6 protein chains.
Amino acid sequence: MDTWLTSLQTDNPQEGFELAITLARKGVGYTQTSPEVRSELRGGYAHDAATLTSASHVIAVHFQTVAAANNYWK
Amino acid sequence: MDTWLTSLQTDNPQEGFELAITLARKGVGYTQTSPEVRSELRGGYAHDAATLTSASHVIAVHFQTVAAANNYWK
Amino acid sequence: MDTWLTSLQTDNPQEGFELAITLARKGVGYTQTSPEVRSELRGGYAHDAATLTSASHVIAVHFQTVAAANNYWK
Amino acid sequence: MDTWLTSLQTDNPQEGFELAITLARKGVGYTQTSPEVRSELRGGYAHDAATLTSASHVIAVHFQTVAAANNYWK
Amino acid sequence: MDTWLTSLQTDNPQEGFELAITLARKGVGYTQTSPEVRSELRGGYAHDAATLTSASHVIAVHFQTVAAANNYWK
Amino acid sequence: MDTWLTSLQTDNPQEGFELAITLARKGVGYTQTSPEVRSELRGGYAHDAATLTSASHVIAVHFQTVAAANNYWK
């Protein structure tokens, strides 16, 4: 697999949040490696409140990591 | 996307809690980008105890991050 | 919204646990703002083991935050 | 409610684990206050793998807190 | 109950991971005390992807605790 | 079981993420020890959005541990 993650440092909290989203998606991408299947699944779960909340949960966990890595951008 | 997050610092714990809510909703908003669909889904899950509890869970995870960023407002 | 959270400091662990319960409920309250609907939902989930366990989980996450804020009441 | 939690300090890790179990059960007990209903529910979920795993999860979160409070019994 | 946990220190990360598994199983064992029932349930959930993933999640939470207790075996 | 985990240190964040994936899979592997059954289950859950999100969640928890072990690769 290509290099996609070289650092957890970001310039500001918002970029950190977007990195957390990338990490959450990569966690799915390593398990379901077909972009077509992932795209199809996303169409479904984007309309399901429980799965959307679960996706937001995974982002929250990664955001903890990224925020700590950046000393909370203090 | 516009700038919506410039700092994790808040004046007090309650504002920190409200920031955690914003972060939880943004996690959903990046995945389901249509405000109409989100509004429709919210109507449903706001009446479902399990999904409400899950939403509260995501807020709790983000509140950990925000509280640590503010040194627990000590 | 009125002020409901001014500090994470509590006098002892039990009050910290009770604050964690308040935080968990507030996470629900900001999403479902009708007290009547919440009361109705509580009647249901209080008899469902899975949802009760999920509620206990959210309390546990908040208790981590409150305990850290109080340096574990050492 | 009576005093049931005066300290997070325990003599050893096993007592810490048992305190984590107490905390997980208290999280349920504050929500469903009837011991009869809780006893009835426990009969059911103790035979359901998913709910048992969820109960173990809540214990794990509380054990993190208790272990940190005891500096990991080093 | 007999003594089963005297320390969170392990010689290396792999033993720490195995301790995390023990902790996850003990969380179930304190709730469902019958080994026969647990054995029966395990036969079922070992063939269910969602429950297996949940079991792996509980192990992950305990591994965080054990890893911190060992200063990440640095 | 053979030695499969000797260190949490990795050269960079991406290798740390891949170690987190290994840890998540090992958590499943210790519970369901048959590679054939695991392979069969993976075929199913890789097409289910909820289980894929749960798998990504477990990776996120392990990535927190690995990132902390590497001082966030600063």
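Reader: What is the area buried between chain E and chain D?

Author: This is a predicted model, in which local features need pLDDT of at least 70 and side-chain atom pairs count only at pLDDT 80 or more, while totals for chains, interfaces and linings use all residues. Residues are numbered from 1 along each chain as its sequence is written, chains are lettered from A and ligands numbered from 1 in the order in which they are written, and side-chain values use heavy atoms, with hydrogens and water left out. Buried area is the accessible area (1.4 Å probe) that two parts lose on being put together, summed over both. Carbon and sulfur atoms give 68% of the area between chain E and chain D, which in total is about 2,400 Å².

Reader: Which element gives the most residues to the side of chain E that touches chain D?

Author: The elements that give two or more residues to this side of chain E are α1 (13-29), α2 (35-45) and α3 (49-69), where helices (H or I, at least four residues) are DSSP runs numbered from the N terminus. With 11 residues, the element that gives the most is α3(E).

Reader: How many residue pairs are in polar contact between chain E and chain D?

Author: A polar contact is a pair of N or O atoms within 3.5 Å; within protein, one must be able to donate a hydrogen and the other to accept it, and residues adjacent in sequence count only if both atoms are side-chain atoms. Counting pairs with both residues at pLDDT 80 or more, the number between chain E and chain D is 8.

Reader: By what turn can chain E be laid on chain D?

Author: Copies are superposed by least squares on the C-alpha atoms of residues with pLDDT of at least 70 in both. For chain E on chain D, the RMSD is 0.0 Å and the shift along the axis is 0.0 Å, with a turn of 60 degrees.

Reader: In chain E, which residue has the C-alpha nearest the axis?

Author: The C-alpha in question lies 6.9 Å from the axis, and in chain E it belongs to Val61(E). The copies use different surfaces, since 16% of the contact residues (heavy atoms within 4.5 Å) of chain E recur in chain D. The residue asked for is Val61(E).

Reader: How are the rings of Phe17(C) and Tyr30(D) arranged, stacked, edge-to-face or tilted?

Author: Rings of Phe, Tyr and Trp (its six-membered ring) pair if their centres lie within 6.5 Å, and planes under 30 degrees apart count as stacked, over 60 as edge-to-face and the rest as tilted. A search of the whole structure finds 30 aromatic pairs over all chains. Phe17(C) lies in helix α1 of chain C and Tyr30(D) in the loop between α1 and α2 of chain D, so this pair joins two chains. The centres of the rings of Phe17(C) and Tyr30(D) are 5.7 Å apart and their planes are at 40 degrees, so the pair is tilted.
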